[in-house]
Amino acid sequence: RKRVALVGPSLSSVGKNRGAAIEACDLVVRMNFQWPIPAALVDDVGTRMDVLYHCCNGDFPVADLFLPGFAATRFVCWQANPDSFWLEAHCLASGIPSLDVSSVYAELEELLRTPPFTGTVAIEHLRRFSVAELHLS
């Protein structure tokens, strides 16, 4: 059972100095364009990205992720969309396991009657695993 930090793009994280607490979790999960971390935010949100959830809809270009350090990512979850081919191909070439979580998006869209945000999908998907603690930031 793991302690997981799910770090989103909220401005409420700025100035909170939670980077060390986030890094202390067993897994750090980020979404879409939340990596690499700008130097000014490191103290607030840390730098590690163990798991990435990406909507691959073109709003957050996946090519922006393919920088040195991305290969340290342990797992990537993506939605089948225009950019998913590129993200899946890069993960395959880098030896990073990946998973199509489009079914979770579809389940939530039916339940909510609106397309879910990637963070909502990440929470729903993560709660299906044996997580001891889920910290939202």
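Two strands are said to pair if DSSP finds at least two bridges between them. Helices (H or I, at least four residues) and strands (E, at least two) are themselves DSSP runs, numbered from the N terminus. By that rule, β1 (2-7) is joined to strand β6 (residues 131-136) by 5 bridges, and the two run parallel. The structure is a predicted model, in which local features need pLDDT of at least 70 and side-chain atom pairs count only at pLDDT 80 or more, while totals for chains, interfaces and linings use all residues. Residues are numbered from 1 along each chain as its sequence is written, and side-chain values use heavy atoms, with hydrogens and water left out.

**Strand pairing**

- Burial is judged by relative accessible area: buried means under 20%, exposed over 50%, and partly exposed in between (1.4 Å probe, protein chains only).
- In β2, 5 of its 5 residues are buried.
- In a regular strand, side chains alternate between the two faces of the sheet.
- In β2, Leu-27, Val-29 and Met-31 point one way, whereas Val-28 and Arg-30 point the other way.
- The helix α5 (118-126) is mostly covered, with 7 of its 9 residues buried.
- The buried residues of α5 include Thr-118, Val-121, Glu-124 and Leu-126.

**Nonpolar cores**

- A nonpolar core is a set of buried Ala, Val, Leu, Ile, Met, Phe, Trp, Tyr and Cys residues joined through side-chain atoms within 4.5 Å.
- The largest such core has 16 residues, and those with the most contacts inside it are Val-29, Tyr-53, Val-101 and Val-121.
- Two or more residues of this core come from each of β1, β2 (27-31), β3, α4 (102-112) and α5.
- Another core lies apart from it and has 12 residues, among them Cys-56, Val-76, Leu-87 and Ile-96.
- Contact means heavy atoms within 4.5 Å.
- Val-121 touches Val-101, Val-104, Tyr-105, Leu-108 and Pro-116, not counting residues up to four places away in sequence.

**The largest pocket**

- On a 1 Å grid over the protein atoms alone, a cavity is a set of points where a 1.4 Å probe fits but cannot get out, whereas a pocket is an open set with protein on both sides within 12 Å along at least five of seven lines; lining residues have an atom within 4 Å of a point.
- Grid points are joined across faces, edges and corners, and a volume is the space filled by probe spheres set on the points.
- The largest pocket holds about 260 Å³ of space.
- Its lining consists of 13 residues, of which Leu-27, Val-51, Tyr-53, Leu-126 and Phe-129 lie nearest the centre.
- At least two lining residues come from each of β1, β3 (51-54), β4 (75-78) and α5.
- For the classes, Ala, Val, Leu, Ile, Met, Phe, Trp, Tyr, Cys and Pro count as nonpolar, Asp, Glu, Lys and Arg as charged, and the others, Gly among them, as polar.
- By class, the lining has 10 nonpolar, 2 polar and 1 charged residues.

**Loop residues**

- Between β1 and α1 (19-23), the loop contains Asn-17, which has a positive phi of about 55° although it is not a glycine.
- Asn-17 counts as exposed because its relative accessibility is 55%.
- Between β2 and α2 (42-45), the loop contains Pro-36, and the peptide bond from Trp-35 to Pro-36 is cis, with omega near 0°.
- Asp-64 is placed in the loop between β3 and β4 and is partly exposed because its relative accessible area is 49%.
- The C-alpha atoms of Asp-64 and His-54 are separated by 12 Å, the two residues being 10 residues apart along the chain.
- Arg-113 belongs to the loop between α4 and α5 and has a positive phi of about 65° although it is not a glycine.
- Arg-113 is exposed, with a relative accessible area of 77%.
- Pro-115 also lies in the loop between α4 and α5 and counts as exposed at 55% relative accessibility.
- Pro-115 and Tyr-105 are 10 residues apart in sequence and 7.3 Å apart in space, C-alpha to C-alpha.
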